Amino acid sequence: MQDSSSVNTTTPTATIPQGTGYFASPSTLPFQTPDFSKISDEDYLPAIEQGIAIQKAEITAIANNPAPATFENTIAAMEQSGQMLSRALYAFSAEVNTNTNDLLDDVDAKTSPQLAALSDFTYLNPALFQRIEAIYNARDQFADGSEERRLAEIYYKRFIHAGAKLDAQQKEQLTAVNGELSTLQTQFSQTLSAATADMSPVFDSAEELAGLSEAEIASAAKAAEENGQPGKYMLMLVNTTQQPMLAKLTNRATREALYKASINRSSSGGKSDTRQTIARIAQLRAQKAALVGYADFASYAMYDRMLQQPATALAFMEDLTGPTAKAQLRDAERLNEEIAKEGGNFTVEPWDWDFYAEKVRKADYDLDDAQVRPYFELYKVLNDGVFYAAELAYGVKFVQRTDLPVWHEDVTAYTVYDKDGSELGLFYFDPFARPNKRGGAWMNNFVDQSTLLGTKPVVYNVLNIPKPPAGDPFLISFDEAETMFHEMGHALHGLFAEQTYPSISGTSTARDFVEFPSQFNENFLTEPKVLANFAKHYKTGEPIPAELLAKIDKASKFNEGYAFGEVLTAALLDMKWHALTPADGLQDVDAFEASALASLPLHVGLVPPRYRTPYFRHIWEGGYAAGYYSYIWTEVLAHDAWAYYSQNGISREAGDIFRDKVLSKGNTMDYEEMYQNYAGRQPDVSALVKARGLDGE
């Protein structure tokens, strides 16, 4: 691997500062994975700040190189720059997002504006842009389909998008906006993380938690005690609007309290309120887009996506609102029948929905979550399900190892071996929720695959499954198992990368394409051969009964008016926020959200968005601004691609084709072309409508 001092320029390397501390050189562990036994929280701030200074010097050397611009001395040199910073940021990201504390949060707050300034230093550098433009204008020298031609085009568009053609005064304005945005986005993230913990509702008695298991009540008691309220019971919030416990709690008042704590976690005033921060973020984004020449931030954000225009994204979502709205009313009618049958004198509210949906699932499909969980033991799902499916389809093997230091005791590490027996990379798994862990599930890298840098991929999956009390089995829900397969799809996308240059390697793709491999991988969960291998009773080892599987399949299309509707509503809300222009000014968050939701042809009073504005982390901090639609669009791709893939059953031949045509390609070609090269057709939303049962069949 070339280190940061060897950037390919003619400027003497003495002008590049030398880093100190752990991150100054590549890790000596296998695959250059971080050695967390040698990293302290105090290491991150100096490492990130040194890394920024080094990369600034590297960029300056590239920009000021007296030699004529070539791909090698400009773009390839940039691809090799910033290696100390990358090492520090990748390790820091894992810790601050999964195991944070006040010190790490402080580092995040201090370095976010510095990183934004580094981006501006790079992309607003006129000398550097002049070199990039020269290479772009001469791009015909590179073969069609080559990584070099693709990168020349990507870099040029990226610089233009970042404001490279603005005048000096405009660049100064843009830099100020970017700096404030970076600070506010970090502030939002930290406020929300604290609010999700601090606003979790507390109850006085175990009786109020009727319907929960003894283990769940014990966990609630422990959570309350750990938060300074011994003798009480705390239900920890997860990051979505709906809360898992709502499906079980028999006390309607408790359900309402839990639901309202969830939707109001960041909008009740005080230190947990994010609304003022969000309003300013939205305003600044509109200003930024206008400054660079776009109508709104949605248009700005979508410039490099598979769907390049907001109108395209809105059009396919609008095609889905009609079937979804009808499904919502059908589902609500059935839930109200169940409420009336029990003698209830009310109609379904959002806090009742999951509870009565579970009753209907039992009544109509004879299925409840308690029947399924004993057949879904976490590590059985991982080893004999998720890993087994990857071996069936692609020939890879995951072998656990215990010699690598990890960032938390719950984390496990695996060497991944390719189909020919060679080492493909490393994989880490961090499954359990923690109070200092941000919500949701995700995949990320510690090391990017790159033949230029001589590195193989090191990736990790993070989930937020509630950890049972010591001694209890790790039983999970069907949905949690599906999430495990989803995140493995991302991991395989990273592990199968075969790129020369790191910035287009693996999952470094557009937001509305990156979720395609992960949603595609979810399908393996219900493949009979995969299910038969892992879905076994944790006590008896008996396979999951065929009749239970039939019930799961039959019930899979029930309640999709809610399940799909909450995602569709959130995606449309996201687009509404990012259609704002500078003329719209600073918004009242509550009023804007209410107006936006009222304008949708969906039943938002019954089915609220999966994330309300004040805790919509994906769009305010998570990189999905004007991009939450990606989950739906990539589901369209995934259903269509799975139909093609599975037409002859799971096979190594089919897996190798999908790996070759999609999973190994990174961002090396146009996404539409990549999809058509695989499936031979354009995707159609009707596949999703049918798969979700939104057609009423």
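## Asp366, a residue in a loop

Asp366 is partly exposed, with a relative accessible area of 45%. This value lies between the 20% and 50% cut-offs, so the residue counts as neither buried nor exposed. Asp366 sits in the loop between α13 (350-365) and α14 (369-372). Its phi is positive, at about 50°, although Asp366 is not a glycine. Most residues other than glycine have a negative phi.

## Confidence in the model

This is a predicted model. The protein chain has an average pLDDT of 93. A score of at least 70 is reached by 98% of the residues. Residues 1-14 are another matter: their pLDDT stays under 50. For this stretch the model has 39 contacts beyond four places in sequence.

Phe31 lies in the segment before α1. Its phi is positive too, at about 65°, and Phe31 is not a glycine. Phe31 is buried, with a relative accessible area of 15%. That value is under the 20% cut-off, which means that Phe31 counts as buried.

## Helices α1 and α3

Helix α1 covers residues 44-63, and helix α3 covers residues 83-98. The two pack at an angle of about 145°. Their axes are 8 Å apart. The crossing of α1 and α3 is left-handed.

On the α1 side, the contact is made by Tyr44, Ala47, Ile48, Gln50, Gly51, Ile52, Ile54 and Gln55. They meet Met84, Leu85, Ala88, Leu89, Ala91, Phe92 and Glu95 in α3. By class, the contact of α1 with α3 has 11 nonpolar, 3 polar and 1 charged residues.

Gly231 is found in the loop between α8 (214-226) and β2 (233-234). It is exposed, with a relative accessible area of 61%. The cut-off for exposed is over 50%, so Gly231 falls in that class. Gly231 and Lys557 are 326 residues apart in sequence. In space, their C-alpha atoms are 41 Å apart.

Thr274 lies in the loop between α9 (252-263) and α10 (275-292). Thr274 is buried, with a relative accessible area of 1%. Leaving aside residues up to four places away in sequence, Thr274 touches Phe188, Thr191, Leu192, Ser266 and Pro614.

## The open sheet

An open sheet is formed by 5 strands, in the order β3-β4-β5-β7-β6. The pairing is mixed. At the edges are β3 (397-401) and β6, each pairing on one side only. From one strand to the next, the twist averages 30°. Strands of a sheet pair through backbone hydrogen bonds, either parallel or antiparallel.

Helix α16 (residues 478-495) lies across β3, β4 (412-417), β5, β6 and β7. It runs at about 165° to β7.

## Strand β7 and its partners

Strand β5 (residues 423-432) and β7 run parallel, joined by 6 bridges. In this region, Phe432 has Ile465 of β7 as its bridge partner.

Strand β6 (residues 442-447) and β7 (residues 458-465) run antiparallel, and 5 bridges join them. Here Asn444 has Tyr460 of β7 as its bridge partner. β6 is an edge strand, yet it is mostly covered: 5 of its 6 residues are buried.

Key
Residues numbered from 1 in each chain as written. Predicted model: local features only at pLDDT ≥ 70, side-chain atom pairs only at ≥ 80, totals over all residues. Heavy atoms only, no water. Buried < 20%, exposed > 50% of the residue type's maximum accessible area, 1.4 Å probe, protein only. Helix = DSSP H or I, 4+ residues; strand = E, 2+ residues; numbered from the N terminus. Pairing = 2+ DSSP bridges. pLDDT = per-residue confidence, 0-100. Contact = heavy atoms within 4.5 Å. Axes fitted to C-alpha atoms, helices over the stretch in contact; angles between N-to-C directions. Left-handed = near helix turned anticlockwise from the far one by under 90°. Nonpolar A, V, L, I, M, F, W, Y, C, P; charged D, E, K, R; others polar.
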